[in-house]
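Subject: Structure handover and findings

Hello,

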Amino acid sequence: MSEQDSARLDQLRATMEVALSRLEAARPFAKHRFQQAVLDVAYRMLTLPDGPDALYALAPRLDAAGLFAGSDWDAPATLQPRIVKHTLQSEHAATVMLEVASLLRMLAVARGDAEHAGIQADHARHFLTQVLALNLDRFFGQTDEAARSRDSVREASLDRLFRYLAAHIGFQDVLGLLVAEIWRILGQRPVQVGLVKDMIAQIAVSALERGNELGEARLGADRLVSALFAPTAGCREDPGLETYRARLGAMDDTALRHEAQGFARAMHDTGLVSDYHADFLRWAVEQGNGALVPDALGLGSTGLECWRQYGALVEGLIAEAVTPWTAQSVYGLAMLLERGILHHAPIAPALQRQMALKLCPAACAHLQAAFGGQVAPETFLLAGVLQVLGQPLGVGQGANPSCQSARALSMWALNAPDYLLHLVAQAATYDTLQMHFEGHPIDSADLPAGLVSGAPLDADAVSVILVPHLDRIYAEMGRRCADRGDDPHRWINPEFHGWWVGRECLVIVDVPSGGLADVHGFVRRFYRTYHPEYNGQEPVIHPQPAGIAVTDASARFVGWHAISILRVAEDQTGVMRVYFYNPNNDSGQDWGAGLVVSTQGRGERHGEASLPFPDFAARLYLFHYDPVLRTQSRKEPPPQAVAGVVDAIRSSWAAGRPDVDEEVLRAAAAPASP
Amino acid sequence: MTEKNPDKGYIAILGWSLNAIDAIDRFDRRYVVVAPPWAEEYARANGIPFIPWDFDRLNERSHEIAQTLKEEGCDVAIPLYEETVEWAGAINSVLLDNPRLLAQSMLFRDKSLMKRRAQLSGIRVGIFEEADSRADVVRFLKRVNQTLLKLDGDPNDPIHFKAFDKAGCLGHRIIRTVDDVESISDDEFPALLESHLDGWEFAVEAWIKDRKIQFLNISEYVTLGYSVFVPATPELESWRGKITREIEKLIEAFDIDFGFIHPEYFVTSDGTMYFGEVAYRPPGFNALELIERAYGFNGYQGIVLAFDPKTTQEEMDAFFPTPVKDAKGHAGCFGAYPRRRVVSEMQIPEETQDDPYFEFHELAQPLEQKVTKRSAFGTHWGLVYFFGEDPYRMRDLLKVQEDLDFYV
């Protein structure tokens with residue numbers, strides 16, 4: 001803790017003494033009069049690095065003084081661990097602080113530092129373990145929409161508090177849940193795995209220190225730790241890269257093949273790439289032993305076919321992009337080959353251009369700020385290109401309000417990889433992007449900053465290069481249709497993303513009034529467009545942008561969010577589901593009212609999120625469709641299905657929004673359409 | 001419960017204030033709260049001695065409460081609010097067998113009578129007049145400005161408009177133009193009109209026993225209606241001798257044997273002191289809390305001492321510290337108002353939050369997003385508390401708060 005922070009904490013301790021002694025002195029009926037001041041000072045303590053510890057020391061006194069008098073927290077035995085998360089999302093700092101004080105009191109009881117009538121140490125420990133398990137996202141530092149729209153100092157303070165609780169409650173149960181959570185996130189195969197790797201490193205450390213406390217979680221933790229630090233026989237005891245290279249020189253062909261296969265197994269098991277794996281590939285290429293590459297990448301038939309045709313290019317990419325600092329590019333490369341996109345004529349030459357690209361100073365500066373200087377910015381960018389092309393659904397927006405740009409990147413990587421490479425080359429070389437809106441050119445270099453200030457620091461290299469430009473262009477397109485009296489995405493989405501975006505757009509929210517416009521019609525049209533039973537069994541051909549009204553775990557509206565619809569299909573149990581891409585870093589979110597977005601186990605491919613069709617429809621507010629493709633076999637969905645979705649809309653994110661008269665709508669819309 | 005001393009007085013508290021009840025419950029005097037019936041259930045549930053009484057209705061039963069308290073064995077009644085001051089006068093005239101106390105309390109309740117009484121006793125007051133209608137206000141505004149030799153079109157000197165029987169800042173308006181007069185509603189009349197005095201406004205809290213000032217605090221206003229701190233700066237404290245003599249004049253003019261008064265004054269640059277008004281009850285704006293923070297004694301308990309006929313002088317001397325010298329520092333508070341027309345949340349400004357003098361706040365989250373236009377003083381959305389060594393720094397800090405947004 002800095003000297004300044006520690007001086008501040010001392011001062012707050014003194015102020016707390018004033019506020020707390022007033023509370024202590026007060027009669028029971030007057031406690032509430034002095035609670036707020038105590039909570040105010042306590043909350044400020046919480047935001048300092050050693051705040052949790054200082055508050056822990058005060059916890060029994062706060063309790064005895066009557067901080068909880070008159071509230072539900074006064075009866076700790078009745079508290080519900082599941083509610084803690086919601087309380088911590090309260091917009092009132094005092095409410096958040098009350099919950100924090102209660103958690104620290106529980107910790108004090110659990111550790112025998114305090115007593116409270118009605119709760120035993122066991123009970124308190126169990127309660128805290130459950131709370132920690134239910135708030136694992138606090139360990140990952142991953143932010144969702146709801147958290148992003150809240151105060152960042154508060155979020156950081158609460159993250160710190162949870163690390164404090166975890167460190168003091170004993171690790172066994174929490175770690176087991178933590179490991180499960182990491183597996184859940186890895187199941188989505190994110191491009192950005194830095195945080196997960198850090199977490200695994202921490203698990204490795206604690207497993208070393210307190211392995212016997214791990215219990216059953218041990219196995220899952222071991223697989224994660226070994227995938228990163230010791231995936232093969234040659235690096236079993238994490239010997240360091242130099243020693244490992246020396247060992248490689250002494251191995252025969254069989255041993256080398258075993259190494260290659262071991263790496264590939266661990267990589268495809270977890271989506272994580274060990275530094276040893278990256279170095280092994282470099283070594284193989286340097287030694288002219290390219291024959292090891294297919295085994296080391298774990299290629300299947302498509303990948304193998306690509307490698308046979310483009311072996312020289314692949315070896316070039318390994319030499320230019322794969323380093324221990326860009327180890328994840330190995331997984332990107334393997335998946336890129338497996339997708340077969342090298343057979344798409346422009347891709348190979350575009351990758352060759354990418355390898356030869358000289359970056360402009362601005363691009364270099366952005367990349368260095370985000371990734372450091374261990375390897376050249378060109379290497380980071382090429383590695384990023386491989387990852388994004390190999391894992392289009394693994395692109396995440398980081399903690400940036402740029403879901404639109406992340407969604408576009410992902411969509412292009414999936415659907416128009418040559419176009420994406422074109423944009424990367426443009427922005428990386430000239431620090432500008434040109435796009436067109438309704439026939440008029442837009443140059444990002446001429447535009448003021450959009451929602452994102454500067455380049456993102458916590459996203460993949462392609463995002464670092466492209467997002468600042470895309471964000472500005474997107475904002476400019478918005479400005480150009482701001483006065484049209486309707487949701488601007490109607491016009492922006494097709495122009496911004498590509499020809500395949502449906503030319504018509506339905507928006508359920510009447511933009512001028514905020515009311516709901518023709519809810520039933522909206523839901524019916526969505527069924528007729530996307531549901532195979534009502535659209536004549538027509539599959540989703542291209543990913544389609546759509547808008548989601550994100551809700552929190554209490555089904556309260558949080559904000560609008562951009563996603564893309566990938567496909568609609570039955571899962572293995574026969575439930576019709578919408579599979580979609582969410583640019584959010586972790587798609588597994590609880591949207592309330594029983595809607596928990598699934599990311600694996602219900603037919604999802606890596607990176608896909610899914611909900612049953614009606615549940616998805618209940619959070620949808622904007623989608624595109626193509627009027628040209630009107631097949632004869634479309635039919636109306638049953639009214640009760642539509643009514644169910646409409647009810648779910650009205651009782652969640654649209655609660656309190658009035659219905660807008662349709663005639664008024666038509667009258668208003670007529671002159672505005674361009 | 002603190003051990004109650006049966007040899008000391010039995011106190012009746014008129015009005016419902018948890019702050020006061022909390023403090024008095026912790027003190028060694030027996031007490032009973034006399035307050036409206038809506039508080040009864042809460043009082044009973046929390047073991048607070050309680051007698052229900054509706055203060056809104058002065059009628060033939062008024063004598064009843066005095067008799068009830070007399071039979072209960074109460075020695076004295078203490079008013080907590082402006083509305084209970086004359087009730088206390090009426091009750092105490094019975095309990096203490098002193099009819100003069102009722103008449104005295106009527107003086108405190110009527111701002112115009114109060115001023116005339118002060119004036120008759122040779123206390124200097126500004127120009128003032130009673131107003132029954134808007135026309136009276138306009139006439140006064142014009143005449144004051146004529147006296148100041150203002151020409152048509154010159155900006156007017158403001159006048160002050162104070163509803164007769166409202167406490168403190170409630171119903172206090174500053175009138176600069178005829179348009180301002182239009183916004184006064186009918187129910188604010190009758191009212192007192194006063195000329196504006198350029199000078200230093202301050203308030204005094206004085207605990208009085210046996211016609212003697214037991215403790216005198218000077219509260220320095222940084223900006224009326226916004227901020228106050230105690231003890232005052234050395235400049236204002238340098239007038240303490242003169243202020244003490246002014247309070248002694250008030251004690252004579254209003255014939256005050258005991259109790260607690262809370263007068264307001266102006267001192268102009270040449271040291272002339274103008275009397276504003278005086279209240280015979282605890283001040284608003286949490287001045288007692290500031291005094292407790294600075295000196296460590298509880299003001300309500302001090303009031304009980306001052307009212308209780310059984311209090312000895314030794315007890316008083318032991319209870320009250322030496323003004324200024326015994327203060328641990330300067331305590332101030334700022335009443336925050338939203339500065340914007342539309343607000344969505346309360347947010348302590350960073351520079352306030354980071355200031356070492358900042359202690360804590362009691363600001364409420366906004367319930368409505370639209371801020372109603374402020375026409376009178378007095379409806380701040382909560383208080384922000386400060387404490388520190390240096391009175392000048394405190395004063396400047398409180399001033400700075402006025403330009404910050406606590407609601408965004």
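This is a predicted model: local features need pLDDT of at least 70, side-chain atom pairs count only at pLDDT 80 or more; totals for chains, interfaces and linings use all residues.

For chain A the mean pLDDT is 88, and 92% of the residues reach 70 or more. One stretch to treat apart is residues 670-674 of chain A, where pLDDT stays under 50. For that stretch the model has four contacts beyond four places in sequence.

Chain A

Chain A has 674 residues, of which 49% count as buried. Its secondary structure consists of 29 helices and 10 strands. Among the contacts in chain A with a separation of 6 or more, 72% are between residues 24 or more positions apart.

A383(A) is a residue to look at in this chain. It is found in helix 21 of chain A, which covers residues 377-390. Is A383(A) buried or exposed? A383(A) has 29 other C-beta atoms within 10 Å, so it is buried, the cut-off for that being 20 or more. Beyond its neighbours within four places in sequence, A383(A) is in contact with A321(A), T326(A), S329(A) and A461(A). V462(A) is 79 residues away from A383(A) in sequence, yet the C-alpha atoms of the two are 9.2 Å apart in space.

A helix pair in chain A is also worth a look. The axes of helix 26 (residues 519-530) and helix 28 (residues 639-650) of chain A come within 9 Å and cross at roughly 120°. Because 65 to 115 degrees would count as roughly perpendicular and over 145 as roughly antiparallel, these two helices of chain A are oblique to each other. The crossing of helix 26 of chain A with helix 28 of chain A is right-handed. Helix 26 of chain A contributes V519(A), H520(A), V523(A) and R524(A) to the contact, and helix 28 of chain A contributes V642(A), V645(A), V646(A) and I649(A). By type, the residues of this contact are six nonpolar, one polar and one charged.

Contact between the chains

How many residues does each chain give to the contact? Chain A gives 17 residues and chain B gives 14. On the side of chain B that touches chain A, the elements giving two or more residues are helix 1 (18-25) and strand 15 (358-361) of chain B. Helix 1 of chain B has the largest share of that side, with four residues. The residues on this side of chain B comprise four nonpolar, four polar and six charged.

Chain B

Chain B has a helix pair to examine as well. Helix 3 (residues 62-72) and helix 4 (residues 85-95) of chain B have axes that come within 9 Å and cross at roughly 50°. That angle makes helix 3 of chain B oblique to helix 4 of chain B, and their crossing is right-handed. From helix 3 of chain B, S62(B), I65(B), A66(B), L69(B) and K70(B) meet A90(B), I91(B), V94(B) and L95(B) of helix 4 of chain B. The residues of this contact are seven nonpolar, one polar and one charged.

R116(B) counts as partly exposed because it has 15 C-beta neighbours inside 10 Å. F128(B) is 12 residues from R116(B) in sequence, and their C-alpha atoms are 9.4 Å apart in space.

Regards

Methods:
Residues are numbered from 1 along each chain as its sequence is written. Chains are lettered from A and ligands numbered from 1 in the order in which they are written. Axes are lines fitted to C-alpha atoms, for helices over the stretch in contact, and angles run from 0 to 180 degrees between N-to-C directions. Angles under 35 degrees count as roughly parallel, over 145 as roughly antiparallel, 65 to 115 as roughly perpendicular and the rest as oblique. A crossing is left-handed if the near helix is turned anticlockwise from the far one by less than a right angle, and right-handed if clockwise. Two residues are in contact if their C-beta atoms, placed from the backbone, lie within 7 Å. Ala, Val, Leu, Ile, Met, Phe, Trp, Tyr, Cys and Pro count as nonpolar, Asp, Glu, Lys and Arg as charged, and the others, Gly among them, as polar. pLDDT is the predictor's confidence in each residue, from 0 to 100. A residue is buried if 20 or more other C-beta atoms lie within 10 Å of its own, exposed if 12 or fewer, and partly exposed in between; C-beta atoms are placed from the backbone.
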